[in-house]
Each structure stands twice: as structure tokens, then as C-alpha cells.
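User: I have a structure on screen and want to learn how to read it. Can we go through it feature by feature?

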Amino acid sequence: MSPLVQVDVLQIRDSARQSVDTPTPLPTDSETLIEAFTRDLLPGWPDEWLQADRERWDQMRLYSLEGLAQQMLTAQQYLHALQAALAATAIDPIRETAHRIVIEIHIAEGNVANAVQCYHQYKAYLQRELKVSPSPQMTDLLQGLPCLQHDQYRQHSAPTQAPMPAPDRLRGQANASHAREATAMSVHTTVNVGKAKSS
């Protein structure tokens, strides 16, 4: 091919390497770069020889999108950070790293409800697809949030009744039995007295 021919995937790959190897400064065309990373490699081509190249491309763009999202989060560019992280979750929904970044972005913005919702949605997805739970790294992100603290407080502060010792329990059962017998005898006596008066 002529050197004048430009291949878009090679250009995007160079940009991806730069974003991973030299994470600063942030790219000025971040939106264009994020959009480029969302593209599949030769979509619709059924050739088997493409599988390895597609896998390499997917891993390259996943790391690039996650790196960009983390950089933008640090720079408080929350919108672009969220776009990059969500693009990564769309490429590989099972991969946890991008989901953790999404939660971090919501927490940084003060959107606690969104962070908790994202966690529960991802947790339910893992349970449904793989029967596994999120990693401790993901769970630790939610520690200290007011809503979770409130739930934990309600769970731990619920009054618990200590089990009654065996002798006391038997004594209580015996007292209850005697009370039932006394009530039955009282009813029986009242009935007999009523009959005697009527006769």
C-alpha cells in the first residue's frame, strides 16, 4: 500500500498507546477519541483470522477508555469521564474495572443514589450471568456512604431477644400449663353451679 494511504485503526491504535503510556496531558479531542474507541474492528466480517486481532483491539480500547475515564475523573471532567467509562462497559459488560470507575464518578459528583444503583445493577448482572459477586475493591467503594450506613445501623441496632435458659423455659411452660388447667376448672365449676341453681 502507498504511504499516502491512511488506515484509521492504526491511527486510533497510536492514540490509544499514547493515552496509556503517557496519560498526561489530557487529549484535546477527547470526544473524538472516545467515539473512535467505540468502533468494532471490521464489523460484519466472519473471517476467523480476525478473532485474534479483534481481541487485541478490544483490550487496547478497553484500557484506553478506562485510562481516559480515570484521567478525566481526576481532572473533574465528569461528563467526558462518564462517557468513556460507559463506553468501556458497553464493550465488555462483565469487566468490573469500568463499572468501578462509573461508581467513582457518581460519588465524586455527589450522586450517591446513582452510585448505589449502578452497584446493585452490576451485582444482579453478575449473579444472573455467572453466579458470582463483585470484588471487595468494588464493595469498598460504597463503604461510608450515608444510605449504606443507615441500612447497616438498622440491621445492627435491631433488638434481639436472648434465648431463655432451659430451666426457665421449662418453668414457663409449666406455669402456662397450670394456668390453662386452672382456667378450664373455673369454667367447669361455673357451669356446674349454674346448673345447680337452675334445678
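User: Start with one residue. Where is the place of Glu96?

Analyst: This is a predicted model. Glu96 sits in helix α5.

User: Is Glu96 buried or exposed?

Analyst: Buried means under 20% relative accessible area. Glu96 has 13%, so Glu96 counts as buried.

User: What does the side chain of Glu96 make a polar contact with?

Analyst: The partner is the side chain of Ser135, at 2.4 Å. Leaving out residues up to four places away in sequence, Glu96 touches Tyr122, Pro134, Ser135 and Met138.

User: Now the core. Which residues of the largest nonpolar core touch the most other members?

Analyst: The general idea comes first. In soluble globular proteins, nonpolar side chains tend to be buried together. Here the largest nonpolar core has 24 residues, and Ile34, Phe37, Leu65, Leu68 and Ile105 touch the most other members. Two or more residues come from each of α1 (8-21), α2 (30-37), α3 (50-74), α4 (78-91) and α5 (96-109). Helix α3 gives the most, seven residues. Apart from this core lies another, of nine residues, including Ile103, Tyr122, Leu126 and Leu142.

User: What is Ile34 in contact with, leaving aside neighbours within four places in sequence?

Analyst: Ile34 contacts Leu65, Leu68, Met72, His80, Gln83, Ala84 and Ala87.

Terms used:
Residues are numbered from 1 along each chain as its sequence is written. This is a predicted model: local features need pLDDT of at least 70, side-chain atom pairs count only at pLDDT 80 or more; totals for chains, interfaces and linings use all residues. Side-chain values use heavy atoms; hydrogens and water are left out. A nonpolar core is a set of buried Ala, Val, Leu, Ile, Met, Phe, Trp, Tyr and Cys residues joined through side-chain atoms within 4.5 Å. Buried means under 20% relative accessible area, exposed over 50%, partly exposed in between (1.4 Å probe, protein chains only). Helices (H or I, at least four residues) and strands (E, at least two) are DSSP runs, numbered from the N terminus. Contact means heavy atoms within 4.5 Å. A polar contact is a pair of N or O atoms within 3.5 Å; within protein, one must be able to donate a hydrogen and the other to accept it, and residues adjacent in sequence count only if both atoms are side-chain atoms.
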